[in-house]
Amino acid sequence: MKITKNDALQHLIEQTDIKIAEQLKRIEQSALFNQKKVLDAFSALKISEGDLVGSNGYGYDDMGRDNLEAVYSHVFKAEDTIVRPQVISGTHAITLALQANLMHGDELIYITGKPYDTLLEVIGVEGNGIGSLIEQGVKYQHIELKENQIDIPSVLDAMSVNTKLIAIQRSKGYSSRPSLTIAQIESAILAIKAQYPNVIIFVDNCYGEFVEDREPIEVGADLIAGSLIKNPGGGICKIGGYISGRKDLIERIGYRLTAPGIGKEAGASLYSLLEMYQGFFLSPHVVSQSLKGAVFTSAILSQLGMETTPRYDDYRTDLIQSVTFNDKEKMILFCQAIQSASPINSQFLPMPSYMPGYTDDVIMAAGTFIQGASIELTADGPIRAPYEAYIQGGLTYEHVKLAIIKAIENLVEKQIIKL
Ligand SMILES: *Cc1c(COP(=O)(O)O)cnc(C)c1O
């Protein structure tokens with residue numbers, strides 16, 4: 001069946017399908033493994049209809065909420081979890097983890113280079129500094145990656161008895177480096193813990209959940225955090241974030257989220273539980289759909305002469321596919337085409353503009369059901385050289401495929417690329 005009138009493009013799609021068949025099969029195997037993890041957690045915790053209902057008011061004795069947190073803990077091999085609609089985003093989840101566990105005089109070291117844009121203001125190295133960790137007396141530095149790996153000798157050199165928390169960002173976010181695999185994270189944690197057994201290791205797990213067979217706590221991380229409008233929400237959560245990890249650290253985070261003394265005992269789940277359970281259940285499959293889309297995107301665009309990272313056959317640890325355009329207009333046109341192939345707001349043209357928390361203007365193609373949900377197909381990036389767009393998500397592989405085909409048709413029509 002033809003899906004484009006352009007014969008050369010139709011041929012290229014068919015060739016791409018053959019080329020990526022092996023990768024797609026591997027993604028399916030991984031989805032099966034991760035689906036089993038989730039299913040096993042649901043049955044181990046005997047999740048029942050009553051858990052889906054939710055509470056109101058203070059939300060004491062909210063069994064459904066507590067059991068959902070236990071499901072997350074089971075899957076991520078954590079002692080405890082906070083997963084709630086009151087955690088409004090990934091940035092909020094990470095902020096809670098850092099603020100609750102860093103006191104005046106403590107040092108935070110990011111060992112994966114400069115962190116994700118929104119976190120720069122949380123730390124206080126950018127923005128007005130109000131409420132930031134630095135304002136509260138936390139010391140901060142980051143260590144650059146070396147040849148795309150964590151520079152363990154430099155990290156150990158930089159550490160001291162005042163180093164309270166080491167932060168690792170698994171996904172590249174809006175940077176040009178590759179994302180870090182669980183195996184790479186594992187060797188860094190082993191080396192650090194051998195010398196500083198008490199340091200808290202935090203992993204920003206955004207975009208990473210269910211891509212590999214293991215998650216960061218299984219390789220020694222003390223805390224992980226992420227967003228429910230990315231992977232673990234399965235595309236249906238409307239809000240939320242999670243933090244999983246050591247019980248004592250999660251307790252402090254609960255105190256920070258609500259109030260000292262109250263902690264995670266309160267916080268009504270209202271009507272959010274059904275979608276949080278169902279979304280987590282769907283997540284391994286939806287993640288596999290996004291990954292298949294990313295592999296297709298990488299394979300077909302690299303054949304058209306664009307630089308794509310990861311390459312179609314690279315091992316993956318997250319959903320992000322970056323495409324380097326080296327040209328502002330090309331990047332903008334591509335993102336606009338993705339928007340036009342979205343289920344929602346396809347008639348609107350996204351333009352680069354200011355976004356709170358980001359330093360450069362950002363273009364966001366996001367024709368999503370849920371605002372900003374990057375587990376749905378989105379293409380975005382800050383407007384700065386080398387004009388790299390980050391393409392991620394997709395609730396169904398078919399949608400990603402159609403959108404990329406449409407974007408290629410657009411660029412061909414505007415004579416920006418030739419087939
Ligand atoms: C998306 C993301 C965040 C922040 O999550 P939001 O939900 O957008 O606040 C933090 N770190 C990384 C690596 C991310 O990809």
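Predicted model: local features only at pLDDT ≥ 70, side-chain atom pairs only at ≥ 80, totals over all residues.
**Entry 1: the ligand.** I started with what surrounds the ligand, and I found Ser89, Gly90, Thr91, Ile94, Tyr116, Gln169, Asp204, Cys206, Tyr207, Ser227 and Lys230 around it. Which helix gives the largest share of the shell? It's helix α4, residues 90-101, with 3 residues.

The side chain of Thr91 has an N or O atom 2.5 Å from an oxygen atom of the ligand. For Asp204, I noted 2.6 Å between an N or O atom of its side chain and a nitrogen atom of the ligand. With Ser89, a side-chain N or O atom is 3.5 Å from a ligand oxygen. How much of the ligand does the protein bury? Taken alone, the ligand exposes 380 Å², and the protein buries 90% of that. I also looked up where the ligand sits, and it's in the largest pocket.

**Entry 2: two tyrosines.** Is Tyr271 buried or exposed? I read off 76% relative accessibility, and exposed means over 50%, so Tyr271 counts as exposed. I found Tyr271 in the loop between α8 (247-257) and α9 (273-303). I also looked at Gly54: it is 217 residues from Tyr271 along the chain, yet their C-alpha atoms are separated by 5.8 Å.

Then I turned to Tyr312, in the loop between β8 (307-309) and β9 (321-324). Tyr312 has 15% relative accessibility, and the cut-off for buried is under 20%, so I put Tyr312 down as buried. Leu301 is 11 residues from Tyr312 along the chain, and I got 9.8 Å between their C-alpha atoms.

**Entry 3: cis peptide bonds.** I stayed in the loop between β8 and β9, where Pro310 is also found. The peptide bond from Thr309 to Pro310 is cis, with omega near -5°. I noted another cis bond between Ala385 and Pro386, with omega about 5°. Pro386 lies in the loop between β11 (378-382) and β12 (388-392).

**Entry 4: positive phi.** Last, I looked up two asparagines. Asn148 isn't a glycine, but its phi is positive, near 65°. I found Asn148 in the loop between β3 (139-142) and α6 (152-158), and its relative accessible area of 40% makes it partly exposed. Asn326 has a positive phi too, near 55°. The place of Asn326 is the loop between β9 and α10 (328-340). At 48% relative accessibility, I wrote Asn326 down as partly exposed.

Technical notes. Residues numbered from 1 in each chain as written. Heavy atoms only, no water. Near = heavy atom within 4 Å. Polar contact = N/O pair within 3.5 Å; in protein donor to acceptor, adjacent residues only side chain to side chain. Areas by Shrake-Rupley, 256 points an atom, 1.4 Å probe, with all protein chains shown as cover. 1 Å grid on protein atoms, 1.4 Å probe; cavity = no way out; pocket = protein on both sides within 12 Å on 5 of 7 lines; lining within 4 Å. Sits in = over half its atoms within 2 Å of the grid points. Helix = DSSP H or I, 4+ residues; strand = E, 2+ residues; numbered from the N terminus. Buried < 20%, exposed > 50% of the residue type's maximum accessible area, 1.4 Å probe, protein only.
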